[in-house]
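Let's take a walk through this model together, from the whole chain down to single residues. Please keep the viewer open as you read.

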Amino acid sequence: MLARLVGDIARTDGEHSVQIPALMMYRCSAVTDPMPCIYYGLGLAMTVQGCKRVTLSDEIFSYGPGQSLVTSLDLPVVSYVTSASSAEPYLGLRLELDARAIAQLAAEMDFSSPLQTVPSRALSIVTLEEGLLDALIRLVRLLEEPQLIPLVAPLIQQEIIVRLLGGEHGPSLRHLVAVGSPSQQVAKVIAWLKQHYTENIAMDDLAIKAHMSPSTFRQHFRVVTGMSPLQYLKNLRLQDARQLMLNEDIDAGSAALRVGYESASQFSREYTRLFGAPPLRDIKRVRLASL
């Protein structure tokens, strides 16, 4: 049912926006090479058909039909489609989640167990519950009745959040919105980093912003994101540099300076380590692949 609905909307490869602003659909007719990217923000993703793999630092997550993936923060990952063909393409969807709605609903709900103080990973994959699948189907089917979207879509989205909070994804979402929790403090630091990552940043200053000791901050940051604060910062810079070279057609040295690198050779080494090729060769490869 859901594969047919998504396939009818996503008829060509790529991302597809729909009349529900928070909802996005995807289609891919072939397996893809591993691609470093950033999973942005708070959202629920689902593979409807085919299979996808996500690598976060040294952890590998595979998910296919019947599984749901929730991210609660911006995460630098390596993502690739592992099962797709022209006859049976990869189909997926992603629904952005509202942190304020999660906080409000979590405050109104009764949970069977108290929230643990230890933070959890900002990416989780679990088996899709029947009720959550039904809500997603109803949300997608609502696109067939666009006049109802403004009134009905928010209600279904609220139901989806309630079901997520009450299920296996619940602890990570509750940690994110719990005032003063390690996850919320890490989230605040990441939000600050996204605005200031081109600057000269001392890691201990980030710990101060999180109101933690440097060692505690590094520990919580690694638990939540799967990497150290310095690794995270490098990923932000390198991802942005790549987009600058692709979109503004600037050279590697200029891109390195724009994102905060003082050494072009260090930039080239770290870029090659992340993307598998030096900047010039990688950019040529990406442009050829898009033709």
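What follows goes from overall dimensions to strands, a helix and a few individual residues.

A word on the ground rules comes before the tour. This is a predicted model, in which local features need pLDDT of at least 70 and side-chain atom pairs count only at pLDDT 80 or more, while totals for chains, interfaces and linings use all residues. Residues are numbered from 1 along each chain as its sequence is written, and side-chain values use heavy atoms, with hydrogens and water left out.

Let's begin with the whole chain. The protein chain holds 12 helices and 10 strands; these are DSSP runs, with helices being H or I of at least four residues and strands E of at least two, numbered from the N terminus. Its radius of gyration is 20 Å, close to the 19 Å that the globule rule gives for 291 residues, so the chain is as compact as a globular protein of that length. Here the radius is taken over C-alpha atoms, and the rule is 2.2 Å times the number of residues to the power 0.38. Along the principal axes, the C-alpha atoms fill a box of roughly 55 × 50 × 30 Å.

How much of the chain is buried? Of the 291 residues, 47% count as buried, where buried means under 20% relative accessible area, exposed means over 50% and partly exposed lies in between, using a 1.4 Å probe and protein chains only. The chain exposes about 14,500 Å², and carbon and sulfur atoms supply 52% of that area; accessible areas come from the Shrake-Rupley method with a 1.4 Å probe, and for residues only the protein chains shown count as cover. Among contacts with a separation of 6 or more, 71% link residues 24 or more positions apart, a contact being heavy atoms within 4.5 Å. As for charge, the mean positions of the 27 positive and 29 negative charges are 5 Å apart. Lys and Arg count as positive and Asp and Glu as negative, with His and the chain ends not counted, and each charge is placed at NZ of Lys, CZ of Arg, CG of Asp or CD of Glu.

Now to the strands. Strand β1 (residues 14-17) pairs with strand β2 (residues 23-28) in the antiparallel sense over four bridges; two strands pair if DSSP finds at least two bridges between them. The two form a hairpin with five residues between them, and the bridge partner of E15 in β2 is Y26.

Strand β4 (residues 43-49) is mostly covered, with seven of its seven residues buried. Where are its partners? Four bridges join β4 to β7 in an antiparallel arrangement, with G43 standing opposite T71 of β7. Six bridges join β4 to strand β9 (residues 90-96), again antiparallel, and here M46 has L93 as its bridge partner.

At 3% relative accessibility, L91 counts as buried. Leaving aside neighbours within four places in sequence, L91 is in contact with A3, V6, G7, Y26, R27, M46, T47, V48 and Q49. L91 and M1 are 90 residues apart in sequence, and their C-alpha atoms are 12 Å apart in space.

Next comes a helix. Seven of the eight residues of helix α5 (residues 170-177) are buried, so this helix is largely enclosed by the rest of the structure. The buried residues are G170, S172, L173, R174, H175, L176 and V177. What covers them includes β7 (67-71), α2 (99-108), β10 (123-127), α4 (149-166) and α6 (182-196).

The last stops are in loops. S57 lies in the loop between β5 (51-56) and β6 (59-63), and has a positive phi of about 60 degrees although it is not a glycine. S57 counts as partly exposed, at 35% relative accessibility. D249 sits in the loop between α9 (229-248) and α10 (252-258); its phi is near 55 degrees, a positive value in a residue other than glycine. At 59% relative accessibility, D249 counts as exposed.

Finally, G260 is found in the loop between α10 and α11 (264-275). G260 is partly exposed, with a relative accessible area of 21%. Beyond neighbours within four places in sequence, G260 is in contact with T198 and R237.
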